[in-house]
Amino acid sequence: MTHSEDAHDQSAQRTYYSLLDLCRFLAALAVLIYHFRHFYFSGVTPPESFPAGHEPAFALLEIFYRHGNQAVPFFWVLSGFVFAHVYGGHTVAMGIFWGRRFARLYPLHLVTLLLVAGLQAYHLSANGSYQLFGLNDTYHFILHLFMASSWGLEEGLSFNAPIWSVSAEVLVYFVFWVALPFLNKHKWLGPLTLLCLALIAAAIVPKLWATWCGAYFFLGVLVFRMHQQGKGKENLLMFLCAALLVLGIGLLSILAPEEIARRCLLMLVFPAFVGLISLLDTLSGFKEIPLCRILGAMSYAMYLIHVPLQLFLLITMHANG
């Protein structure tokens, strides 16, 4: 079992998606730009409207200031694609799968959680209040310790709040690992079934982010299936992906939909985008770009470190009037 996975990892390394790694970095950067709004908070209270239009380079970065949070479902689609790429067609032992997830996610999560807890405790003792996120109690700390901060057990955002999206993804990882034999046996029916189940769960419990995460994730798995089965039809698939992407963006801009409709339209936009980029990435003659690998590896750290850094800057600015 270990040998088969190692062999597949070697194969995965030979089919590295440089452009997708670059997109992963840009998506993390979009979230950071969007969270510049944290500097406009008054304690834990956001201002009445965002953006104010006075952020740095607003004319250039307006789309990120307004919509950078939409990069989160993009990460979920990309995760589904990557997991299908790495684990598709193979079984993997529980210890190996979860050992890799733990090593990849937990150490930095724990470090940033402790940093935020310390900074919030200092600000509370010095100023009598928290900054940015107010539910920094023992209960929510325990949820964060177990990466359960968005499993429906929470009362709101707390501590290093952006980890909520990774917390939702952890539940989907569990479903993926349990369903892996089914997914490997039924290449198309498997992810389609799990996609439908996720959408049904999202309709029943729309506020539980893990259900939406699952829908985007298994769309990413379907995109990889398309990519895998589309050998020799790359030009046609790129045309279809580009057409779906344009259609989805057009609907988003014209209809200006409400939140639920927007989430559904992004289920068209992001899979089409990931499909298009993955196909471009494997064009004949396209070489791996080492810088993209470095930037992609930075994305998780960027995502988790920016709130502790913002808290430090806010505390410093507060201390200096």
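On a 1 Å grid over the protein atoms alone, a cavity is a set of points where a 1.4 Å probe fits but cannot get out, and its lining residues have an atom within 4 Å of a point. With that in hand, let's walk through the structure together. This is a predicted model, where local features need pLDDT of at least 70 and side-chain atom pairs count only at pLDDT 80 or more, while totals for chains, interfaces and linings use all residues. Residues are numbered from 1 along each chain as its sequence is written, and side-chain values use heavy atoms, with hydrogens and water left out.

The largest cavity is lined by His144, Ser149, Gly156, Leu157, Ser158, Ala161, Ile163 and Trp164. This lining divides into four nonpolar residues, four polar and no charged. Here Ala, Val, Leu, Ile, Met, Phe, Trp, Tyr, Cys and Pro count as nonpolar, Asp, Glu, Lys and Arg as charged, and the others, Gly among them, as polar.

Now step back to the whole chain. It has twelve helices and zero strands; these are DSSP runs, with helices (H or I) of at least four residues and strands (E) of at least two, numbered from the N terminus. The radius of gyration is 20 Å, close to the 20 Å that the globule rule gives for 321 residues, so the chain is as compact as a globular protein of that length. That radius is taken over C-alpha atoms, and the globule rule is 2.2 Å times the number of residues to the power 0.38. Along its principal axes, the C-alpha trace spans about 65 × 45 × 45 Å.

Buried residues make up 47% of the 321 residues, where buried means under 20% relative accessible area (1.4 Å probe, protein chains only). One of them is Pro162, at 3% relative accessibility. Pro162 sits in the loop between helix H6 (138-145) and helix H7 (164-185). Leaving aside neighbours within four places in sequence, Pro162 is in contact (heavy atoms within 4.5 Å) with His35, Tyr303, His306 and Val307.

Finally, look at the cysteines. A search of the whole structure finds zero disulfides, a disulfide being a pair of cysteine sulfur atoms within 2.5 Å. Cys213 is in no disulfide either, and the nearest cysteine sulfur, that of Cys264, is 15 Å away. Cys23 is buried, with a relative accessible area of 12%, and Cys213 is buried too, at 0%.

Conventions
Buried < 20%, exposed > 50% of the residue type's maximum accessible area, 1.4 Å probe, protein only. 1 Å grid on protein atoms, 1.4 Å probe; cavity = no way out; pocket = protein on both sides within 12 Å on 5 of 7 lines; lining within 4 Å.
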